[in-house]
Amino acid sequence: MVFILGFNFPESRLVKSAIQSFYGVGPQHTQRLMAKLYIHDTARVGTLADKQVLDLTAELSSMTIGNDLRRKVQDNIKRLRDMGAYRGRRHAMQMPVRGQRTRTQTATAGKLNRVERFG
């Protein structure tokens, strides 16, 4: 088991999928991070040297990911609601925010635009 940023990963797991398991880190960020640290795309977590693991942890800790990012998104939505902006009102009503149609197909917006987002 390799310990990265508070999570234990099995040694057989791909580094790419281990990095992407953090909230807010997608394929592009993963690709850039692995290129910066000279890690191959098919490398496993168990094959990383200690220095690479420490560098990876340092890079991830400098990014806004996980609960910090969730809190930031919630605060942004709350700010829009408090100021009375159109987008904030749409979030509060659980309706599409970015101009999608409302005559049909608003089920996804109802799921995503809850008042307590990700909570």
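So, which residues do ring pairs link into a cluster? They are F7, F9 and F22. Before I go on: this is a predicted model, where local features need pLDDT of at least 70 and side-chain atom pairs count only at pLDDT 80 or more, while totals for chains, interfaces and linings use all residues. Residues are numbered from 1 along each chain as its sequence is written, and side-chain values use heavy atoms, leaving out hydrogens and water.

Back to the rings. Phe, Tyr and Trp rings (six-membered ring for Trp) pair if their centres lie within 6.5 Å, and planes under 30 degrees apart are stacked, over 60 edge-to-face, the rest tilted. That gives us two aromatic pairs. With F7 and F22, the centres are 5.5 Å apart and the planes at 70°, so we call it edge-to-face. F7 sits in strand 2 and F22 in the loop between helix 1 and helix 2, 15 residues apart; strands here are DSSP E runs of at least two residues, helices H or I runs of at least four, numbered from the N terminus.

F7 is partly exposed at 47% relative accessibility, whereas F22 is buried at 8%. Buried means under 20% relative accessible area, exposed over 50%, partly exposed in between, with a 1.4 Å probe and protein chains only. F9 and F22 also pair edge-to-face, centres 6.0 Å apart and planes at 75°, and F9 is buried too.

One last thing: R70 puts its charged end over the Y23 ring, 4.2 Å from the centre. The rule there is NZ of Lys or CZ of Arg within 6 Å of the ring centre and within 35 degrees of the ring normal.
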